[in-house]
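Subject: Structure handover

Hello,

Here is the structure for your files. Please open it alongside this note.

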Amino acid sequence: MPLDPYPSPSMSDGDRIVHLEFMRNAIAMAQIALENSETPVGCVIVHNNQIISRGMNGTNQSFNGTRHAEFVALNNYISRNGFHIIDSGVEESNRTSGVGDDSSSTQRRIREDSLGILTNCTLYVTVEPCIMCASLLRQVGIRRVFFGAWNEKFGGTGGVLDVHKIAGSLKDSSSQKGDYEVSGGWLREEAILLLRRFYLQENERAPEPRDKGKRIFNPIVSDIIDISDHT
């Protein structure tokens, strides 16, 4: 797990309030996902303190395992600016006409500037990005990620792998282009309780549905264990 969970002692009260407000927007997206029988994970992308895109898990309804909240939010923003997400990263859409056409060049420059905005954006997501999503965030050059609950099975930003800092610590000279800052534990309890509510629901699309009638909702979330105290 990341060793710098919320709240960071170096962060001002004003900054905490701002980050919590954006995290509440991500929680709201996760709530919508839950109401639509999707795994309740939601996120927002923020630029200059303005939300420029939102996303929530859509794997169940789309039958597409890549429709994680981060993919959806990024694709919503990128597709509006003439790009689309492909397996190997981000590719420009074939919208321009002739090569060398002034209007086409202008459109291309506008789209590239829009994509470049992501390098100054912050992603707020209710659950730590999985390895797949953490890799995508590197490819698009996201600047920072704030998340709620840690992903102990598939986490790509400290839960399992450190995809966000392939070169090593972000604070040393080995940091490379694409590395991004991560802070976890924001509205963690709310994020976990949404997940627990989801796993109490019956999944009609499961190959072998399980009887969940005897499961009981547990509203108690244990405290974060700072692993720096146990190493």
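Below is what turned up, from the overall layout down to single residues.

First, the ground rules. This is a predicted model, where local features need pLDDT of at least 70, side-chain atom pairs count only at pLDDT 80 or more, and totals for chains, interfaces and linings use all residues. Residues are numbered from 1 along each chain as its sequence is written, and side-chain values use heavy atoms, leaving out hydrogens and water.

Overall layout

The protein has six helices and seven strands. Both are DSSP runs numbered from the N terminus: helices are H or I with at least four residues, strands are E with at least two. From the N terminus on, the order is α-β-β-α-α-β-β-α-β-α-β-β-α.

Of the 231 residues, 42% are buried. Buried means under 20% relative accessible area, exposed means over 50%, and partly exposed lies in between (1.4 Å probe, protein chains only). The protein exposes about 13,100 Å². Carbon and sulfur atoms supply 49% of that area. Accessible areas come from the Shrake-Rupley method with a 1.4 Å probe; for residues, only the protein chains shown count as cover.

Take contacts between residues at least 6 apart in sequence: 57% of them join residues at least 24 apart. Contact means heavy atoms within 4.5 Å.

Helix α1 against helix α6

Helix α1 (residues 13-35) packs with helix α6 (residues 188-200) at an angle of about 5°. Their axes are 10 Å apart. That makes α1 roughly parallel to α6. The cut-offs are under 35 degrees for roughly parallel, over 145 for roughly antiparallel and 65 to 115 for roughly perpendicular, with the rest oblique. Axes are lines fitted to C-alpha atoms, for helices over the stretch in contact, and angles run from 0 to 180 degrees between N-to-C directions.

From α1, the contact uses Ile 27, Ala 30, Gln 31 and Leu 34. From α6 come Glu 190, Ala 191, Leu 194, Arg 197 and Phe 198. By type, the residues are six nonpolar, one polar and two charged. Here Ala, Val, Leu, Ile, Met, Phe, Trp, Tyr, Cys and Pro count as nonpolar, Asp, Glu, Lys and Arg as charged, and the others, Gly among them, as polar.

Salt bridges

The structure holds three salt bridges. The criterion is a side-chain nitrogen of Lys or Arg within 4 Å of a carboxyl oxygen of Asp or Glu.

- Asp 13 and Arg 16 meet at 3.0 Å, N to O. They sit three residues apart in helix α1, so about one helical turn separates them. Asp 13 is exposed at 58% relative accessible area, whereas Arg 16 is buried at 16%.
- Arg 24 and Glu 21 meet at 3.7 Å, N to O. This pair is also three residues apart in helix α1, again about one helical turn. Arg 24 is partly exposed, with a relative accessible area of 44%. Glu 21 is partly exposed too, at 44%.
- Asp 179 and Arg 138 meet at 2.5 Å, N to O. This pair links distant parts of the chain, 41 residues apart. Asp 179 lies in the loop between β6 (144-149) and β7 (181-184), and Arg 138 in helix α5 (residues 131-140). Both Asp 179 and Arg 138 are buried.

Thr 59

Thr 59 is in helix α2 (residues 59-62). Its relative accessibility is 18%, so Thr 59 counts as buried. Which residues does Thr 59 contact, leaving aside its neighbours within four places in sequence? They are Glu 38, Asn 64, Gly 65, Arg 67 and His 68.

Best wishes
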